Amino acid sequence: MSKEYRDAFFIFAGNSATLNFDQLTGCLRSLGFNFTEADLKRKAGGSTDLSTFLSIASSMSPPTHEDNEDLLEALRAFDKTSRGTLSSKEFSHYTEILGQNFTPEEVSAVMEFDENGLIDYEAMVKKMVA
């Protein structure tokens, strides 16, 4: 897992050696962690370096099969066409409603889109578990 965590850190940090709070939130969510922003603010201050990030990530519980089923159920509720896909705009809108604000860059960094710009959310959740 450490390599996966390091890779995610550098994807979100870009040329910087640290993550700001929004980048930290996006990075941890991309790894499948569930947390409240208030809880994360208690663990992380302003900018987070790799060592602190690894400490935070290792202290969090990895997602369970039950968490993934809950996530799939929530995404299915927003899938108006019942095709197993959402557009990036829909995904961003629905996650905002649920209290999680992802920037378009964060969505693009962690999501895979098909040729029509749709997210196959069932495949995404399966990939998160793998």
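Biologist: Is Phe-9 buried or exposed, and what is the relative accessible area of Phe-10?

Modeller: This is a predicted model, in which local features need pLDDT of at least 70, side-chain atom pairs count only at pLDDT 80 or more, and totals for chains, interfaces and linings use all residues. Residues are numbered from 1 along each chain as its sequence is written, and side-chain values use heavy atoms, with hydrogens and water left out. Buried means under 20% relative accessible area, exposed over 50% and partly exposed in between (1.4 Å probe, protein chains only). Phe-9, at 0%, is therefore buried, whereas Phe-10 is partly exposed, with a relative accessible area of 44%.

Biologist: What is the geometry of the aromatic pair of Phe-9 and Phe-10?

Modeller: Rings of Phe, Tyr and Trp (its six-membered ring) pair if their centres lie within 6.5 Å; planes under 30 degrees apart count as stacked, over 60 as edge-to-face and the rest as tilted. For Phe-9 and Phe-10, the centres are 5.1 Å apart and the planes make an angle of 90°, and the pair is edge-to-face.

Biologist: Which residue forms one aromatic cluster with Phe-9 and Phe-10?

Modeller: The structure holds three aromatic pairs. The cluster comprises Phe-9, Phe-10 and Phe-53.

Biologist: Over which ring does the charged end of Arg-29 sit?

Modeller: A charge sits over a ring if NZ of Lys or CZ of Arg is within 6 Å of the ring centre and within 35 degrees of the ring normal. The charged end of Arg-29 is 4.0 Å from the centre of the ring in question, that of Phe-35.
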